[in-house]
Amino acid sequence: MNKRVIKKIAVLGSGVMGSRIACHFANIGLEVLLLDIVPKDAGTDQKLRNKIVNDALAFALKSNPSPIYKKSFASRIKTGNFDDNMKDIASADWIIEVVIERLDIKQQVFANVEKYRRPGTLISSNTSGIPIHLMTEGRSEDFQNHFCGTHFFNPPRYLKLLEIIPTPKTSPDVIDFLMEYGEKFLGKTTVLCKDTPAFIANRIGVFGIMSLFHLVEQMNLSVEEVDKLTGPVLGRPKSATFRTADVVGLDTLVHVANGVAESCPKDEKLDVFKIPPYLSKMIENKWLGSKTEQGFFKKVKGGNGKSDIQVLDLKTLDYKPSQKVKFATLESTKAIDNLRDRMKVLVAGKDKAGDFYRATFYGLFEYVSKRIPEITDELYKIDAAMNAGFAWELGPFESWDALGVAESIKAMEAAGLKPAQWVYDMLASGAKSFYKLENGMRKYYDIPSKSYKTIPGTEQFILLDNIRESKTVWKNAGATLTDIGDGILNLEFHSKMNSIGGEVIAGINTAIEKAEKEFGGLVISNEGANFSAGANVGMIFMMAVEQEYDELNFAIKAFQNTMMRVRYSSIPVVLAPHNMALGGACEMSMHSDKVVAHAETYMGLVEFGVGLIPGGGGTKEFALRLSDEIKEGDVELNAFRKRFLTIGQAQVSTSAAEAFDLGYLRPGKDVVVISRSRLLAEAKSECLELVKAGYSMPSHRKDIRVLGKQGLGLAYLGAASMLDGHYISEHDVKISQKLAYVLCGGELSSPTLVSEQYLLDLEREAFLSLCGEKKTLERIQSILTGGKILRN
C-alpha cells in the first residue's frame with residue numbers, strides 16, 4: 001500500500017463549520033480550497049460569484065476566539081464557488097463536505113464531486129446526524145471505499161473531538177489513516193463511532209442536557225443554580241449547561257433531540273428527548289441563544305450605559321437580574337482540589353444540591369450503560385467523546401469509577417434505576433472498576449472478553465497520571481520528579497494554577513541536580529489545565545506589604561539563579577508548555593535549551609500589568625535576544641522598540657505560532673506540537689536528541705550589546721507622549737522607564753557590551769524598587785482579591 005500524504009484539502013461549504021475547518025487545516029500548513037454556492041443574480045462578476053464564500057471566511061477570521069493560529073496562515077486558503085471551481089478539487093488529497101444538513105443536497109454535491117475527484121482521494125462528510133451510509137447511494141465503488149463521516153466539533157480549532165464514522169464499504173486502510181491523521185496532525189481525540197443517530201458525543205451530551213432541561217422543572221431549580229452546579233465544580237466548562245446551550249444554539253439542540261427521538265423509537269429514555277414547553281416557546285420566540293442575542297441569557301443595557309447579563313425565569317419567561325447561588329454542599333467542597341474526591345462529597349450532599357447530583361449522575365450512568373453495544377462496543381469511547389467534545393474532565397464511566405461502581409448501583413436501585421446487565425456481570429467476574437492502571441498503562445474493561453485491555457493508540461503516549469505512582473524519583477508539596485525512561489526525568493508542578501513559588505523553585509534545582517548526577521536530561525511539563533500562571537504573586541505581595549525587602553531580594557535572586565541554572569547545566573533542559581505559560585513560566589521557557597510547545601500555548605511576559613517588569617531573567621533575556629538580532633542604525637532602534645512594547649504592553653501570544661513573532665520562542669530552535677497527547681513524548685525525544693548530539697553546557701554570555709542612552713531617549717520620549725495623550729498613567733511611565741533602563745543597560749553613554757549578570761542585577765534592582773510602589777501593591781491586591789489572571 002502506498003503511503004498516503006495530505007498536501008491539499010478541499011472544503012465544500014463555507015458556513016460556520018466549513019470556514020473554521022478550513023482555517024484549522026491551514027493552521028497545520030496545508031493548502032486549502034474553500035468553495036460555496038454562487039449567489040443568485042451574481043452574473044459573471046467574479047467578486048460577486050465568490051461573495052458568499054469570501055464573506056463567510058472573513059467573518060470567521062474576525063471571530064473571537066480566532067480559528068487561525070496566525071493571521072498570515074489565512075493566505076493558505078483559496079476561495080471559489082461550486083460552479084467555477086469544482087474542477088479544482090481534482091488536485092485535492094482529501095475532500096470534506098460541510099453543506100446544509102439535508103440528505104438530498106449532500107447527495108447532489110457528491111454526484112458533482114465524482115465528476116472531478118481523482119480515484120483514491122479521501123472524501124468525507126461533517127454531518128452531525130444524517131446516516132453516513134445513505135450519502136453514497138449511487139456513487140462508484142472507489143468513492144464508497146474512500147468515504148467516511150468525519151464529525152468535527154465547533155469550534156474545530158479548540159474542541160478536540162473528531163468522530164470517525166465509517167460505512168460498511170469504507171476501506172479499513174482509510175479508517176486507520178483518518179484515526180491516526182486526526183490525532184497526530186490535527187491534534188484531535190479521534191473516536192471511531194458506529195453509524196447511529198447523533199453518533200456518540202451528541203447522543204450522550206444532548207441526553208444529559210435534555211435531562212437537565214426536564215429536571216429544572218421537577219426540582220424547581222433556576223438557570224443560575226443549574227449552571228453553578230454543573231460547571232467547574234464538576235470539572236466541566238464555565239459555560240456549564242444553559243450558557244453552553246446558548247452558545248451551541250437552542251435550535252441546534254432541539255434539532256439533535258428531535259432527530260434522536262425520531263430515529264430511536266425504542267430508546268428507553270425517549271421522553272427525555274421531548275422538548276419541554278418553555279423550550280418550545282423560546283424556539284417559537286426565536287430566542288435561540290448567542291446567534292439571536294438572547295436565549296437563557298440576555299445582555300441588557302442599564303441606565304448607566306453599562307451592560308448587564310440577565311437570566312430567563314423559566315416559569316414566567318421574563319428576564320431578571322442574575323442571582324448569586326449558594327448551596328451547603330458546594331461550600332463543603334471548596335477546599336477539595338481533587339475532582340474524584342470532590343464528586344463523592346457532592347453526591348453525598350444532604351441538601352437540594354445533593355439531590356440534584358444523585359438524580360443526574362445515576363440517570364446518566366443508567367443511560368450510558370445501556371448504549372453499549374448500540375452506539376459503541378467499548379466503554380472508553382464514550383468517555384473519550386465526552387472528554388474531547390464537551391470538555392468533561394471525567395466522562396460518565398470515569399465518574400462512575402470515582403463514586404464506586406458497586407456503591408453507585410445500590411443507590412441507583414434504591415432510586416428505581418438499574419444499569420445494563422453487563423455491569424452486573426462485570427462485578428460478578430471480580431472486576432470492580434471500568435478502568436485500572438497496570439504496568440504504567442491505563443486499561444479499560446472489555447465487555448465481550450470480561451478482561452482489561454489497553455486503550456488502543458495510547459501505547460505511544462507518555463501519560464504522567466499512569467506512571468507517577470511507580471516512577472516517582474523525588475517530590476515535595478509543589479513538584480514531582482518522575483523517571484520517564486531512557487535516562488530522562490520529567491518535572492511537573494502541582495501548586496495552585498501551577499504557580500512558581502518556593503517549592504517549585506526547589507523542585508527545579510533538585511531536578512537538575514539529580515539529572516546531572518544520575519540521568520541524561522530533564523523535561524519540564526505537566527498535565528494540568530495550564531502549564532503555569534507564572535510566579536506566586538501572593539508571596540511577592542506579602543513580602544512587599546511587610547516591607548521585607550531583604551527577603552524579597554533573596555527570593556528574586558533565587559528565582560533568577562534558578563532560571564540561569566535551567567540555562568547553564570551539564571544536561572539539556574527541555575520545556576513543554578501548553579495553554580497558559582505566563583510571567584515566570586515564560587521566563588523559564590526562554591532560558592531552556594529547547595521549547596517543545598503545544599500549538600495552543602498562550603505565552604507572555606505579563607508583569608507590566610501588575611506594575612512590575614519581568615524579574616526572573618525575562619527582561620535580561622529580551623536584551624540578549626535583541627543584541628543577537630539587531631544591526632546598527634535605524635533597524636536597531638526599531639527592533640528595540642518592538643521588544644520594549646512586547647513587555648510594556650504585556651503581550652500574550654494567542655498560539656505557539658504567534659509566540660515566535662513576539663520573540664518568546666526561537667525560530668529554528670523551538671518546535672510546535674499539534675497533538676497535546678504527544679507533547680511529553682515529543683519533548684522527551686527532543687531531549688534525547690540533544691543528549692545523543694553530545695550536549696555540553698553553553699558559555700555564560702558577556703557580549704550582550706545594549707544601547708544605553710540611545711535607547712533610553714527613545715523609550716522616555718515615547719512614554720511621555722503616551723502620558724500626554726492620556727493613554728497611560730504616571731505610574732505606567734515609571735514602570736516604562738525602569739523597563740527601558742534594564743533593556744538599555746542603564747545610562748551608558750554609548751552602546752556597550754555587558755554580561756548577563758550585569759543585566760540581572762539591574763533587573764532585580766528595578767523589580768524591587770517597583771515592589772515598593774503603592775500603585776503596584778494596589779494592582780497586585782486587586783488581582784489577588786478578584787482572582788484574575790492578567791491577559792492582554
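Biologist: What makes Glu183 count as buried?

Modeller: Buried means under 20% relative accessible area, with exposed over 50% and partly exposed in between (1.4 Å probe, protein chains only). Glu183 has 9% relative accessibility, so the residue counts as buried. A word on the basis: this is a predicted model, where local features need pLDDT of at least 70, side-chain atom pairs count only at pLDDT 80 or more, and totals for chains, interfaces and linings use all residues. Residues are numbered from 1 along each chain as its sequence is written, and side-chain values use heavy atoms, leaving out hydrogens and water.

Biologist: Which side chain makes a polar contact with the side chain of Glu183?

Modeller: That of Ser675, at 2.5 Å. A polar contact is a pair of N or O atoms within 3.5 Å; within protein, one must be able to donate a hydrogen and the other to accept it, and residues adjacent in sequence count only if both atoms are side-chain atoms.

Biologist: Are Cys744 and Cys771 buried or exposed?

Modeller: Cys744 is buried, with a relative accessible area of 0%, and Cys771 is buried at 1%.
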